Amino acid sequence: MRMNRWVMGLFSTGLLLVGCGGGQGADGALPQDDGKEDSATGASGEGLGKSAFHYMRAISEKFGQRICGSAAEADAASYVQEQFEKMGYKPEKQRFEFHDGEKKHSANIFAVKNPSARQQIIIGAHYDSVDTGLGLDDNASGVAVMLELAGQLSRFALSFKLVFVAFGCEEAELPETKKIQFYLGSAHFVKRMSEQEIDNTLVMINLDSMAIGDKMYVYSSQEDKAWFRDKSLELGKTLGIPLETNPGLNADYPYGLAGDWGDHMSFKEKGIQTASYEATNWDIGKRDGYTETERDGEIMHTERDNLDYLETNYPGRIQLRLSAFVAVILETLKAVPTGN
Ligand SMILES: [Zn+2]
């Protein structure tokens, strides 16, 4: 049995899994990479990334395609709301309307930890999907990591506020409006933030398509606002987690930065630092970050984006990705300077 480099790193540094207030994963159990995931029940104490796997499977398989404005999307929103409630949060539903031939609506669901703190970090992931596949990688995986982080951090003492948010309608394009609108949920969320809240946002962490790509990445949106990305890369090394950034092989996508493809854009437009996490492969295809795997090319927005296919063809990979992302993001959050 080969033990993963980063798993060994976690054990040897002893950094991880302490101080989470007895939350999930506090027993230090970590998944191995030698077998098919078979026991992710989401129960506490099973190891980092186990509850994320459970949430991811539930969102993808219970609700299927979660098209912007659909009943399935609304059901998935209720599911996210219930998970926050089970963790002891008082989640809020932020409804928004849009026109797509007819009037439709969707909602962002958010929960706040440490609401009285002045400075905040926003951790977001979209829960809608396209109408192909089951939206497992894109983006039940990101919502799942966000939910596990909310659970892990629910009793952890932090000096800043944390806002966990599931965005609706990231995938929507509304061609009937003159200007095509993207990222409806996150755009609405940002529109509702006060100038003061915008100024007091240390970083927005965007979680999108984290389950299956060949490699793990973190990017910023602007090179001069990238301390969270850089801290994460540094801690990835310490933990033995192979986290990389965009290598800059394509002139349209400069080194270290994310492209214009997701909810981080809504925050970038307000000058907020962003840190986007995803699994893909920048060394292949057009070297634009869209070709996620050597074996299959793209997974997102294809029929392959479902648990059966991905677990059969990449046994164990999803759990490793979720566990590693949860671990490195948790450590990076804990390294944010106090006194804010
Ligand atoms: Zn996505």
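Where is Asn114 found, and between which strands does its loop run?

**Close-up 1. Asn114 sits in the loop between β2 (102–113) and β3 (120–126).** Welcome to a predicted model, in which local features need pLDDT of at least 70, side-chain atom pairs count only at pLDDT 80 or more, and totals for chains, interfaces and linings use all residues. Residues are numbered from 1 along each chain as its sequence is written. Strands (E, at least two residues) and helices (H or I, at least four) are DSSP runs, numbered from the N terminus. Although Asn114 is not a glycine, its phi is positive, at about 65 degrees. Asn114 is partly exposed, with 16 other C-beta atoms within 10 Å. Here, a residue is buried if 20 or more other C-beta atoms lie within 10 Å of its own, exposed if 12 or fewer, and partly exposed in between, with C-beta atoms placed from the backbone.

**Close-up 2. Arg287 lies in the loop between β8 (274–280) and α9 (307–313).** Look for its positive phi, near 50 degrees, in a residue other than glycine. Arg287 counts as partly exposed, having 18 C-beta neighbours inside 10 Å.

**Close-up 3. Asp138 and Asn139 are joined by a cis peptide bond.** Omega is about 5 degrees for this bond. Asn139 belongs to helix α4 (residues 136–153).

**Close-up 4. Helix α10 covers residues 317–334.** From first C-alpha to last, the 18 residues of α10 reach 26 Å, close to the 26 Å expected at 1.5 Å a residue. That expected span is 1.5 Å times one less than the number of residues. Because 16 of its 18 residues are buried, α10 is largely enclosed by the rest of the structure.
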